[in-house]
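Dear colleague,

Please find below the structure that I am handing over to you. A short account of the findings follows it.

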Amino acid sequence: MNEIDYKNLVPYGDTTGDGAVQFSFTFPVEPSPKAQEAAAQMVREWGFSDVKVAHMSSVGVGFAYFVIFGRAQRGVNFDKVEVPELTGQRLNYKEIDKRILEEIGRPIRVVGANTGFDAHTVGLDAILNMKGFDGDVGLERYRGFYTVNMGSQVLPAELIERALKEKADAILISKIVTQKDIHIADMKDVILHLRKRGLEKRFILVVGGPRVTHKLALELGYDAGFSIGSYPSDVAYFLLEKMLERIGKKK
Ligand code: B12
């Protein structure tokens with residue numbers, strides 16, 4: 001195997017350092033030889049070499065869909081990349097449950113919802129529901145959590161009201177749809193509503209979704225952001241640590 005160059009890290013396809021990338025996109029024109037050449041030209045102009053159109057088909061009248069392969073010329077200096085990371089340990093639910101009950105002394109109270117017009121509930125359910133996700137049980141299964149799942153299309157004001165009524169320690173929101181950055185607008189909206197009521201420090205604020213990163217969540221005023229493939233036990237462990245911080249048992 002070739003040496004990996006971390007100072008100029010490029011994608012891997014068949015061999016280390018080959019820079020192989022697959023693109024898929026749609027042009028608002030009918031499929032045609034001209035559309036095919038235009039798509040390839042565009043990818044070459046982006047700086048990719050060895051460009052091959054692997055697939056072109058119609059996706060409705062007036063739209064052509066492409067799959068294209070190319071090779072990246074420029075990489076990234078991996079050694080210089082800095083990003084905030086959630087560094088939680090991977091503990092199983094029984095260990096976390098035991099620690100919550102021993103160290104916090106009562107269940108952690110959480111209220112979850114998907115806000116805005118977003119109706120995707122599967123992600124939030126994966127974290128909260130009894131059966132959880134991929135063999136990792138959800139927070140409802142823990143004795144160390146009291147869980148309210150408000151479902152989808154919840155208004156920020158309703159969510160905050162419910163969180164206050166339930167004496168929640170944490171608010172968990174899910175943002176799945178990202179068209180026109182609506183996930184960001186909705187995330188900001190919750191923070192704005194909290195600020196208006198002087199409650200921005202009242203709850204532990206957690207957000208999740210496929211296009212949510214921990215970095216984005218921190219920038220917008222949340223305590224944590226959980227992305228693709230997050231497990232309920234990751235969230236449970238984070239909430240345990242954050243609660244310990246809040247009650248002064250951990251720095
Ligand atoms: C199922 C589905 C639906 C179902 C939702 C049913 C339901 N009850 O949830 C239905 C059919 C209703 C639907 C509707 C629509 N959908 Co849809 N849908 C999907 C689909 C296929 C799967 C989503 C899913 O369930 N993933 C599985 C879960 C487990 O993964 P997850 O959500 O990422 O969650 C994980 C993490 O992100 C994280 N997480 C998520 N939330 C939270 C919350 C917290 C607190 C934490 C800690 C972690 C966390 O943890 C989870 C577990 O690891 C996706 C495509 C895809 N393959 O992702 C499209 C997709 C999300 N839908 C899409 C679209 C466009 C729509 C519609 C707008 C379509 C339309 N034109 O009507 C509508 C929107 C309706 C609305 N008002 O929101 C787009 C969104 C595109 C974008 N850029 O925003 C997608 C990506 C499809 C696509 N490629 O176009 N959809």
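In the ligand site, an N or O atom in the side chain of Ser-174 is 2.7 Å from a nitrogen atom of the ligand, a polar contact being a pair of N or O atoms within 3.5 Å. This is a predicted model, in which local features need pLDDT of at least 70 and side-chain atom pairs count only at pLDDT 80 or more, while totals for chains, interfaces and linings use all residues. Residues are numbered from 1 along each chain as its sequence is written, and side-chain values use heavy atoms, with hydrogens and water left out.

Through NE2, His-120 is the only protein donor of the ligand's cobalt atom, at 2.2 Å (donors are N, O and S atoms within 2.8 Å of the metal, or 3.2 Å for Na, K and Ca; water is not among the atoms, so sites may look incomplete). His-120 is found in the loop between β4 and α3 (helices, H or I, have at least four residues and strands, E, at least two; both are DSSP runs numbered from the N terminus). A polar backbone atom of Gln-179 is 3.3 Å from an oxygen atom of the ligand.

In total, 27 residues surround the ligand, each with a heavy atom within 4 Å of it. Among the closest are Ala-119, Thr-121 and Ser-230. The largest share of this shell, 4 residues, comes from α3.

Yours sincerely

Note on methods
A polar contact is a pair of N or O atoms within 3.5 Å; within protein, one must be able to donate a hydrogen and the other to accept it, and residues adjacent in sequence count only if both atoms are side-chain atoms.
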